[in-house]
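Have a look at the sequence and structure first, and then read on.

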Amino acid sequence: MSKYIPIIGLEVHVELKTKSKMFCGCSADYFGKEPNTHTCPVCLGLPGALPIPNKQAIEWCIKIALALGCEINLFSKFDRKNYFYHDLPKGYQISQYDLPFGTKGSIVLSNGKTIGITRVHMEEDTGKLSHHETNGVKTSLVDFNRSGVPLVEIVTEPDFHDAKDVVEYLQMLRSIVRYLDVSNADMEKGDMRLEPNISLSTDPTKLPNYKVEVKNINSFRFVDKAIAYEIKRHEEILERGETPIQETRGWNENKNATFSQRVKEEANDYRYFPEPDIPPIRHTQEAIDELKKTLPELQTEKIARFTKEYSLPAIKAEILTREKSRADEFENAVKLGQEKGISPEQIANMIINRPDDLEIHVNNTIHVEALLQRVELENKREEISEEELKLVIQKVIADNPKAVEDYKSGKESVIMFLVGQCMRAIGRKVDANIVKQSLIKALT
Amino acid sequence: MNNFTNLTIKTAREKLDKKEFSSVELTKYYLEQIKKHNDRLNAFITITEHEALTMAEKADEKIHNGESTPLLGIPLALKDIYVTKGIKTTAASKVLENYVGHYDGTVVKKLKDAGVVILGKTNLDAWAHGSSGENSDFGPTKNPYNTDYVPGGSSSGSPTAVAADMALAASGTDTGGSIRLPASFCNVVGLKPTYGRVSRYGVIAMASSLDSIGHFTKTVEDNALYLQASAGGDPMDATTPPVAVPDYSEKLDHGVKGLKIGVPKEYFIEGLDPKVRELTEKALSWYQSQGAKLVEVSLPHTKYAIEVYYIIQTAEVSSNLARYTGVRYGDERSVFGDEAKRRIMLGTYVLSAGYYDAFYKKAMQVRTLLIKDVKDAFEKVDVMITPASPTLPWKLGEKTTDPLSMYLSDIFTVHANLVGIPGLSVPIGFVDGLPVGMQILGPHFKEDLLYQVGNAFEKEHPFWMERPVL
């Protein structure tokens, strides 16, 4: 075992799925849209334009903070983060500095480890640069459709020591924002952007004197790989008796490696100051309490309840609760199935084990009635001995020479006719599948 | 041709309704005046002759159809910091020399809806940085009462246009005195409304927590009409609270009997020009003779106001000007004038890590004390009256090499911006042919009270009728 202990913290940006942007009325649904069609004076940062905060986005940010067990600042405000970049039309990003909506939360992983949540704050997304070469001329273009889309930033304490825990945390976080129905958390579309910061220490009680941030990773798998890559890289440097440089790195998915982007001599000076265009935001404790009451049961709570209430193994409860809608369908089926004497586990099995059954899985939703019928049918099946089945099959083959001939000459659909003849001859509800398999065997 | 020299919005409206003249005739008169005097006074950066005549024709049509709203057909000018759709909006800076606005801001929209005629865009200290008008990248504006003197700034072109009959009224902005000081230098009425009373949406920001959107008129009554058309909460500006808009003309003739007028002792100090002092005291005595009670009040933190102002204001300026990059606007940032550069550097410095607590944070704390000062004073009095400027208008070039003395000319006006209260500048006479104004300060959203106090004086002392000889 290595003498070094990884110290890892995470910053995650989650894009909210509000109808409009954070500070203007433009549609926030920018993905795949014609560039610069979802813009207005506000999100283009034109002279004289002013921001109007999106109440829905603020409420959703607070919901995320509450779901992560945060304390909510009843007096909060927006701040300007001043820096220059071409995708930032105002020359500053409206963000939150010293009074974020949520602080001091935590999340407990399946292994019992607690991860501290430092803060949950609201900010706006930037535009998007793309670089092209046309006729040998290099050009950079800016698309401001994304400019001003609401972003929630969730920062953890450096409490992770293992990439696997990081991935589990990310899965939990994604599940939370989906359960809250505040973000699609679609990685492909950049709805979640992940930034682990990594360092190695020989003393778990002390933070190392350096930290490497890997920016803008868009998949859990890449986070896992980037952390592994960095741990190895730091180890090698430390083994040489040197200290890794404090810097920001990027992830190159083709090379499976991180690369240096910007060396931080010291912290960036963003010259934060209170955003004068937006008055401070005050909430009452009562309003926050009310909001808290609207939080749905989250996945971890559901897993606990499902294992207890429905005596399901944890793994099955986990699968059933990955999507809130699936969990709801399951519970609905359990309720309806109860009257028919169908057990929750039978329903769970039917959902989990038959993902390809198109009668049950219709357009990514569960057809509850079809599911229950299927279970009922299977419950009612009667046994048939091999001997009896063999006799029936022999008789049906003898009685239907034309059909048998057709089947043998390649007309496979005829088999179902023959199965039907067998079922009639048996006169009881037996498993048609078994009959079919035996028939095929007898015919070949 | 009619003699329009002593027209006010009020009288022009009556005559328009009576068809004594049309809005097109009135508009042509002002366009003529602009052509005649602008070379000398440099009040306008852009003259929108074509648009103005189209608007006037529309107004005449409405008047013909019996419409009679308070600003219908009235030719106005806008400080060239109001974004106007399809019309150049330069902020008097080379950086925006060829910038054409993409949209109309809230006030411009409201004015257009009210049926005004926009004559053009007036000169200013670039980005509204200055107290004399000399920081314009397109040359200084001259005081119409004596062209060797400054008209005051930063809204330099608007009061000049009103005084020189190049517009019947004009809009400005006031971040530290930029309406009240030039109003007093040009013998016109100028209101800095309560912060948030008039929407800032579509006005190029100087210092966002201080910027107030106000107007210049010949009379107090006109000013009330102008504010009426522009005031109110705006869903596009989060800093406009939903405070009801009163009828600003209602109390105009209520007089001042029984009113308590505060005289802040910190404003009558050494450095105040004795002649300005004399005229201000004369005005105060007149109020007393009308049954108002003069009460000495104290605003103990006044001496810190300028320092606080130059920290908060420059901090916000440095951030607000960050967007004007070469990529978006075509010029390198070196094209910014000296004053803008000075403020960007000061503001960047006071917000920097390690200095924030000593400067910006401290300034915000003192700002809280200044707010308390004013709150305490208004528990004792209804309004306060001070000189608008410590000095008379100065000669062009006199202070351009000494930014600090220029900054100090705002000493009586910045307080209201830091606190957010309204201030009205009203003419109180002349010294050596140069206009002098007083400043009436009132509690938040009490513009109607300021108009009441200002109108009482003006009715007895119609200095506005002393037109400049050009």
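## A residue and its chain

Arg221(A) counts as exposed because its relative accessibility is 52% (exposed means over 50%, buried under 20% and partly exposed in between, with a 1.4 Å probe and protein chains only). This is a predicted model, in which local features need pLDDT of at least 70, side-chain atom pairs count only at pLDDT 80 or more, and totals for chains, interfaces and linings use all residues. Residues are numbered from 1 along each chain as its sequence is written, chains are lettered from A in the order in which they are written, and side-chain values use heavy atoms, without hydrogens and water.

Arg221(A) sits in helix 3 of chain A, residues 220-239. Glu242(A) is 21 residues from Arg221(A) in sequence, and their C-alpha atoms are 29 Å apart in space.

Chain A has 13 helices and 18 strands (DSSP runs: H or I of at least four residues for helices, E of at least two for strands, numbered from the N terminus). Its domains, whose bounds come from an automatic or database assignment, are these:

| Domain of chain A | Residues |
|---|---|
| domain 1 | 5-287 |
| domain 2 | 297-380 |
| domain 3 | 386-443 |

Between the C-alpha centres of domain 2 and domain 3 of chain A there are 34 Å. The C-alpha atoms of chain A fill a box of roughly 90 × 60 × 55 Å along the principal axes. Of the 444 residues of chain A, 49% count as buried.
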